[in-house]
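Colleague: Could you walk me through this fold? I'd like to ask things as they come up.

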Amino acid sequence: MTQLTTPLTGQNAILGRINQLVAIGILLSALVFVSTSSEANDASIKAETRVCPSDFNSVKIPDDGKFCQVFAADFPASMVLHIPQSPAAVIDYYSAEYPIVKEIKSRTLLQTADKNTTLIISEDGEGTQVDILVKSI
């Protein structure tokens, strides 16, 4: 393969190398900026996992509730949790207070009569996932 440019020598070689390093530095700075911006944006939409409270906006949480993730603490508020019981047991636990029950694609929807509070119950591994959505106080 033939070389199309004359090899740089002496001071020209040093200046050429400095230009390459500056270009690489600018590229790396841009990548760090994009990565940091992306992480900041991702952090703003990530759920916060915490110990489960005894209730979430008046929705009682069973004592064995685990892995609570609050997606929105302000209204409309939402939280997801895992309960190590069967979906049937969880439906029984909540159905007295949330009597409207609908089956939608292997999920059970319980909802208050005013449709302010919705619970979506679905099988999750060796237990049940409960999604809690509360529109307002």
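Colleague: How many helices and strands are there in the protein?
Modeller: Keep in mind that this is a predicted model. Along the sequence the order runs α-β-β-β-β-β-α-β-β-β-β. That gives 2 helices and 9 strands.

Colleague: Which element gives the largest share of the largest nonpolar core?
Modeller: The core has 20 residues, and Ile61, Met79, Leu81, Tyr94, Leu119, Val130 and Ile132 touch the most other members. Elements giving two or more residues are β4 (66–72), β5 (77–83), α2 (87–95), β8 (117–124) and β9 (127–134). The largest share, 4 residues, comes from β5.

Colleague: Why would those side chains end up together?
Modeller: In soluble globular proteins, nonpolar side chains tend to be buried together. For an example here, take Val130: leaving out residues up to four places away in sequence, Val130 touches Met79, Val80, Leu81, Ile83, Val90, Tyr94, Leu119, Ile120 and Ile121.

Colleague: Is Ser78 buried or exposed?
Modeller: Ser78 sits in strand β5. Apart from neighbours within four places in sequence, Ser78 is in contact with Phe56, Gln69, Val70, Phe71, Ala72, Ile132 and Leu133. Its relative accessible area is 15%, and the cut-off is under 20%, so Ser78 counts as buried.

Colleague: Which residue is the bridge partner of Ala72 in β5?
Modeller: A hairpin through 4 residues joins β4 to β5. The two strands pair in the antiparallel sense over 4 bridges. In β5, the partner of Ala72 is Ser78.

Colleague: And which residue in β9 is the bridge partner of Val80?
Modeller: β5 also pairs with β9, in the antiparallel sense and over 7 bridges. Within that pairing, the β9 partner of Val80 is Asp131.

Colleague: Which residue in β9 is the bridge partner of Ile121?
Modeller: β8 and β9 run antiparallel, joined by 8 bridges. They form a hairpin with 2 residues between them, and Gly125 in the turn has a positive phi of about 60°. The β9 partner of Ile121 is Val130.

Colleague: Which residue in the turn between β7 and β8 has a positive phi?
Modeller: β7 and β8 pair in the antiparallel sense over 5 bridges, and the β8 partner of Gln111 is Thr118. The hairpin leaves 5 residues between the strands, and the one with a positive phi, about 60°, is Lys115.

Colleague: The backbone nitrogen of which residue lies 3.2 Å from a polar atom of the side chain of Thr112?
Modeller: Thr112 is in the loop between β7 (107–111) and β8. At 16% relative accessibility, Thr112 counts as buried, and apart from neighbours within four places in sequence, Thr112 is in contact with Tyr98, Ile100 and Thr117. The backbone nitrogen at 3.2 Å belongs to Asn116.

Colleague: What kind of aromatic pair do Tyr93 and Tyr94 form?
Modeller: There are 2 aromatic pairs in the whole structure. For Tyr93 and Tyr94, the centres are 4.9 Å apart with 90° between the planes. Angles over 60 degrees get one particular label, so this pair is edge-to-face.

Methods: Residues are numbered from 1 along each chain as its sequence is written. This is a predicted model: local features need pLDDT of at least 70, side-chain atom pairs count only at pLDDT 80 or more; totals for chains, interfaces and linings use all residues. Side-chain values use heavy atoms; hydrogens and water are left out. A nonpolar core is a set of buried Ala, Val, Leu, Ile, Met, Phe, Trp, Tyr and Cys residues joined through side-chain atoms within 4.5 Å. Buried means under 20% relative accessible area, exposed over 50%, partly exposed in between (1.4 Å probe, protein chains only). Contact means heavy atoms within 4.5 Å. Two strands pair if DSSP finds at least two bridges between them. Rings of Phe, Tyr and Trp (its six-membered ring) pair if their centres lie within 6.5 Å; planes under 30 degrees apart count as stacked, over 60 as edge-to-face and the rest as tilted. A polar contact is a pair of N or O atoms within 3.5 Å; within protein, one must be able to donate a hydrogen and the other to accept it, and residues adjacent in sequence count only if both atoms are side-chain atoms.
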